[in-house]
Amino acid sequence: MFNLRSKLLGATLSLPVVAAGLLGATGSASAAVLTGTTAYSGIGEGIFSPVTSVMASDGSLDFSDPNLVGLAEQTGSFTSFGAATIYDISPIPGTFGSEKLFLDFGADQAGLTDGKNVFKATKVSDYSITHDGAGGSSISLAFHGFFYGEDETEKSSGYVNLNFTSLEDVATTTDILLNNGAGTGITTIATTFSGMAAAKTPEPTTMLGLGLVASGMMIARRRKAVQA
């Protein structure tokens, strides 16, 4: 049985998600190399941004249908987008044999699956599994790769950070993610997630730091929801 003990609505970013309004706009981002940053979360608002969760197990990340995330705090090119499609990816950690599509940004529904304005990952450049201070774990992954604009010639390097939490301790969480739960019999973490994307900046270690801060905010919100 899947480990569904994580509270689905307790792991949201404490940033407002503004997907619904921006997705009502027509047209797509202007053709240019993508630059800037954006926060994203599997918890959104409105018909275009329902709840998306992640299942993490044995070196893979699988996102629930409809695989849509809302964006917040956009800068640079990302102000043109209101949401993104997020795609399943593996191995975690690891280097991919070829670039793997991870995020497809869009300003409207059609733009979310058009293969333009995307992030393609080349590897998980760093990861961290740490105690959350309450018996659970905080997980942060930093993906290295490239952002593409309207076509393949509009290319910029960057990073995408992904954060989620587990109610299991660090040893059990590590066993689930890297060894399919062979030591514990628990094979899956199912929970909500959040993260940040940065085109051209910053370095992977900085992204991990941002991820741990975001995870701390998620944990605080989860505890508050449980106590309510």
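N117 is found in the loop between β6 and β7 (helices, H or I with at least four residues, and strands, E with at least two, are DSSP runs numbered from the N terminus). The phi of N117 is near 55°, a positive value in a residue other than glycine. At 2% relative accessibility, N117 counts as buried (buried means under 20% relative accessible area, exposed over 50%, and partly exposed in between, with a 1.4 Å probe and protein chains only). The structure is a predicted model, in which local features need pLDDT of at least 70 and side-chain atom pairs count only at pLDDT 80 or more, while totals for chains, interfaces and linings use all residues. Residues are numbered from 1 along each chain as its sequence is written, and side-chain values use heavy atoms, with hydrogens and water left out.

A positive phi near 55° is also found for E73, which lies in the loop between β4 and β5. E73 is partly exposed, at 48% relative accessibility. Most residues other than glycine have a negative phi, and most peptide bonds are trans. Cis peptide bonds were found from D65 to P66, with omega near 15°, and between S90 and P91, with omega about 5°. P66 is placed in the loop between β3 and β4, and P91 in the loop between β5 and β6.

Three strands form an open antiparallel sheet in the order β3-β2-β10 (two strands pair if DSSP finds at least two bridges between them). The edges are taken by β3 (60-63) and β10 (189-191), each of which has a single partner strand, so one side of each is left without a neighbour in the sheet. On average, neighbouring strands of this sheet are turned by 20° against each other, direction ignored (axes are lines fitted to C-alpha atoms, for helices over the stretch in contact, and angles run from 0 to 180 degrees between N-to-C directions). Strand β2 (residues 54-57) is joined to β10 by three bridges in the antiparallel sense, and V54 stands opposite T191 in β10.

Helix α2 (residues 170-179) lies across β2 and β10 and runs at about 85° to β2. The buried residues of α2 are V170, T172, T173, D175, I176 and L177; they pack against β2, β7 (118-131), β8 (137-148), β9 (155-166) and β10 (contact means heavy atoms within 4.5 Å). V170 has a relative accessible area of 18% and touches I129, T130, H131 and S137, not counting residues up to four places away in sequence. The C-alpha atoms of V170 and H131 are 6.1 Å apart, although the two residues are 39 apart in sequence. Just after α2, N180 takes a positive phi of about 55°.

A search of the whole structure finds two salt bridges (a side-chain nitrogen of Lys or Arg within 4 Å of a carboxyl oxygen of Asp or Glu). E99 is bridged to K155, with the closest N and O atoms 4.0 Å apart. E99 lies in strand β6 (residues 95-106) and K155 in strand β9, so this pair ties together parts that are 56 residues apart in sequence. Both are partly exposed, E99 at 31% and K155 at 41%. E152 and K120 also meet in a salt bridge, at 3.3 Å from N to O. E152 belongs to the loop between β8 and β9 and K120 to strand β7, so this pair ties together parts that are 32 residues apart in sequence. E152 is partly exposed, at 49% relative accessibility.
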